[in-house]
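I opened this entry to keep track of what I looked up in the structure. The notes follow the order in which I checked things.

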Amino acid sequence: QGEWPQAELQLHKALEVRETSLPKNDWRTAHTKVILGETLTAMKEYERAEQLLKQGSQTLQDTQEAPDSATEQSRSALANLYRQWDKTGKLDQLESN
């Protein structure tokens, strides 16, 4: 597990700051959720990761200000999660969208 728990703690703090200081659907908050989701995936906390990755990905897709790179990162992070989690049908569903 290494330094992942420390990264998770720092990302939770960053997310809290962004949620209280930025507008509700700001892409930077969504991107922080994606990074936290990637961290949780690395820690094999798949259900928690999925929730954050879905939330972040949806906001990034719906927000014109979001950089394409952040939106692509969110899709890649979800695909990686489902590959690791081996959740039947989730990866196929994601790729068909």
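I began with D26 and looked for what its side chain reaches. In this predicted model, the D26 side chain comes to the backbone nitrogen of R28 at 2.8 Å. The atom on the D26 side is a side-chain oxygen, and the contact sits at the start of helix 2. I placed D26 itself in the loop between helix 1 and helix 2.

Is D26 buried or exposed? I read a relative accessibility of 12% for D26, and because the cut-off for buried is under 20%, D26 counts as buried.

Next I looked up T29, which lies in helix 2. Its relative accessibility is 5%, so T29 also counts as buried. I then asked which residues T29 is in contact with, leaving aside neighbours within four places in sequence. I found L15, R18, E19 and L22.

I went on to helix 2 as a whole. It covers residues 27–42, which is 16 residues.

I listed the buried residues of helix 2; among them are A30, H31, K33, V34, L36, G37 and L40. T29, T32, T39 and T41 are in that list too. Which elements do these buried residues pack against? I noted helix 1 (4–21), helix 3 (46–62) and helix 4 (68–85).

I checked confidence next. The mean pLDDT of the protein is 91, and 88% of its residues reach 70 or more. Among the elements, helix 2 has the highest mean pLDDT, at 97. The lowest, 61, belongs to helix 5 (residues 90–96).

Last, I took down the totals for the protein. I counted five helices and zero strands, and from the N terminus on the elements run α-α-α-α-α. Of the 97 residues, 39% are buried. For contacts with a separation of 6 or more, 56% come from residues 24 or more positions apart. The accessible surface comes to about 6100 Å², and carbon and sulfur atoms hold 46% of it.

Terms used. Residues are numbered from 1 along each chain as its sequence is written. This is a predicted model: local features need pLDDT of at least 70, side-chain atom pairs count only at pLDDT 80 or more; totals for chains, interfaces and linings use all residues. Side-chain values use heavy atoms; hydrogens and water are left out. Helices (H or I, at least four residues) and strands (E, at least two) are DSSP runs, numbered from the N terminus. The expected span of a helix is 1.5 Å times one less than its number of residues. Buried means under 20% relative accessible area, exposed over 50%, partly exposed in between (1.4 Å probe, protein chains only). Contact means heavy atoms within 4.5 Å. A polar contact is a pair of N or O atoms within 3.5 Å; within protein, one must be able to donate a hydrogen and the other to accept it, and residues adjacent in sequence count only if both atoms are side-chain atoms. pLDDT is the predictor's confidence in each residue, from 0 to 100. Accessible areas come from the Shrake-Rupley method with a 1.4 Å probe; for residues, only the protein chains shown count as cover.
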